[in-house]
Amino acid sequence: MTEPTTMVDGPDDPSDPRFDPGSFRDPLSRVVQYDGGVLRVLRAEGVVDFEALERCGFFAEAMRDGTVVATERIAVPAPLLADGWEVALRHEAVPVLTYPYEWTFTMLQDAALGQLRLARAALAEGMLTKDASAYNTQFVGARPVFIDIGSFERLRSGEPWRGYRQFCQLFYNPLLLQAARDVPFQPWLRGALEGITPGQCRALLGGRHSIGRGAFTHVVLHARAERANADSDRDVAEELRRAGFGPKVVDAQLAKLERLVAKLRWSAADSTWSGYSERSHYGSEDLDDKARFVRDVAVARRRRQVVDLGANDGYFSRVVAEHADLVVAVDSDAVVVDRLYRTLRDERTTGILPMWMDLTDPSPALGWRGRERASFAERVSPDLVLALALVHHLAISGTVPLAEVARFLADFGSEVVVEFPTPDDEMVGRLLRNKRSGLFDHYRLEAFERAVDDHFDVVRRELLPSGSRYLFHLAPR
């Protein structure tokens, strides 16, 4: 039940309410765009739950420290009264949405721990979260923020935590598989928005002796229980109530999950480009001139949003971040992005948002009607794009024609700073080494300039001191 600010249903008039197609599953709470803001509207039991939440000390504290989205109650807009909505909340908008399949291991782990801690804090004041979707968390820079206020409800006597299965499928199982078997969770979560089931996780983990007690409980036994109850008409909630299931048991469950998740570690070997941050193939003059070129473009005017494609360790993201409200740092190397996230998190940085993505296959629109989760292109609206040390990877490793690379950059509709390494460049030579002779003869500076000329005007063009890399500042036509 995340809160996209794009892909909305409704009329084209921005003054009319437009319901978010990603928040339709909860009949008591919906997210809507209205008058330039992000609102949540509530009715029936949702109103009673929110009024109980308003009285909780943990809720006010979590909004103060930024772990829960800033929220204020407002009058219900007139167009929504006819639909029976009784309460309206205004939320602070998340600048750019990301989804769990675009996060790294540590990002998913931090989001998981944040939700468990919130659930425990709520439980201590007679509230609980009714679900545990990873989509209930967004990142503001490197800070995880819980956004689904409608998830909090009053504790029902004798009921278990209803978010347990969802937590396992969207948090614990993906993290466990990557920690224990180095199985990347991102492609799986992109292909299955409900996550990794206990049975699927069990099949990938192998024998009990190799997975530990926690995984045995939350994966193996969980999978067995699901198989055993698949065709059962038992009322498990009622059985638990009769057995005296209470808040202490729920808190013990949450605390145990918190300890298990916190202990998980991803001991990844260095990936192909994880040493790239050393920039060993750059001469000092090249690096200095490249940074100066980027900085010159950045300081010309303050940018609302910059997208750094192929950001690697975030070196150039930091250069432009001084002159931008937000930099979205995208890279396909999960090891490098994870390191960048941890560094930004420790610095408490909110001006750079790290994101994992294979740019040869960027995130599409997914879910119900292909609209529940917006595509990457629909979630960003940059006024500057950086494409440094990227073109040769797309064109050679990804076999994307240069004309298509230029179209891809033009799709953002913004100014672009792009780097083109020539066939004489050391890194291009490495990429071509194992390619069939003659297959990439079209990879030439002249071909790139022709492709760019179809979409952009060249504001500035500069050859770096090495003589094998060109920088372009492009303006869309």
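Student: Happy to start with the rings: which residues do ring pairs link into a cluster?

Tutor: Rings of Phe, Tyr and Trp (its six-membered ring) pair if their centres lie within 6.5 Å; planes under 30 degrees apart count as stacked, over 60 as edge-to-face and the rest as tilted. Pairs of this kind connect four residues into one cluster: F420, Y443, F448 and F472.

Student: Before we go on, what kind of model is this?

Tutor: Residues are numbered from 1 along each chain as its sequence is written, and side-chain values use heavy atoms, with hydrogens and water left out. Local features need pLDDT of at least 70, side-chain atom pairs count only at pLDDT 80 or more, and totals for chains, interfaces and linings use all residues, since the model is predicted.

Student: How many aromatic pairs does the whole structure hold, and what is the geometry of Y99 and Y101?

Tutor: The search of the whole structure gives 18 aromatic pairs. In one of them, Y99 and Y101, the ring centres lie 5.6 Å apart and the planes meet at 50°, so this pair is tilted. Buried means under 20% relative accessible area, exposed over 50%, partly exposed in between (1.4 Å probe, protein chains only). Y99 and Y101 are both buried.

Student: How are F167 and F171 separated along helix 5?

Tutor: Helices (H or I, at least four residues) and strands (E, at least two) are DSSP runs, numbered from the N terminus. The rings of F167 and F171 have centres 5.1 Å apart and planes at 40°, so they form a tilted pair. F167 is buried at 0% relative accessibility, and F171 is buried with a relative accessible area of 0%. Because they are four residues apart in helix 5 (residues 164-181), the separation is about one helical turn.

Student: Which rings have an arginine over them?

Tutor: A charge sits over a ring if NZ of Lys or CZ of Arg is within 6 Å of the ring centre and within 35 degrees of the ring normal. R373 has its charged end over the ring of Y135, 4.0 Å from the centre. R43 lies 3.8 Å from the ring centre, over the face of W85.

Student: How many disulfides are there?

Tutor: A disulfide is a pair of cysteine sulfur atoms within 2.5 Å. C168 is in none, as the nearest cysteine sulfur, that of C201, is 9.0 Å away. C168 is buried at 0% relative accessibility, and C56 is buried at 6%. The number of disulfides comes to zero.

Student: Within what arc do the buried residues of helix 7 fall?

Tutor: In helix 7 (residues 198-205), the buried residues are P198, C201 and L205. The arc is that of the directions from the helix axis to the C-beta atoms. Just after the helix, G206 takes a positive phi of about 90°. Seen down the axis, the buried residues line one face of helix 7, because they fall within an arc of 65°.

Student: Is strand 11 enclosed or open, and how many of its residues are buried?

Tutor: Strand 11 (residues 324-331) is largely enclosed by the rest of the structure, because the buried residues number seven of the eight.

Student: What is the handedness of the crossover from strand 10 to strand 11?

Tutor: Two strands pair if DSSP finds at least two bridges between them. Strand 10 (residues 303-309) and strand 11 are parallel, with six bridges, and V307 stands opposite V328. A crossover is right-handed if, with the strands pointing away from the viewer, the path from the first strand over the helix to the second runs clockwise. The β-α-β crossover here passes through helix 12 (residues 315-321) and is right-handed.

Student: Which residue of strand 12 is the bridge partner of D331?

Tutor: Strand 11 runs parallel to strand 12 (residues 352-356), joined by five bridges. All five of the residues in strand 12 are buried, with I352, P354 and W356 pointing one way and L353 and M355 the other. The bridge partner of D331 is W356.

Student: What is the strand order in the open sheet of five strands?

Tutor: Strand 2 (residues 29-34) and strand 3 (residues 37-42) are antiparallel over six bridges, and V31 has R40 as its bridge partner. The open sheet has antiparallel pairing and the order 1-2-3-5-4.
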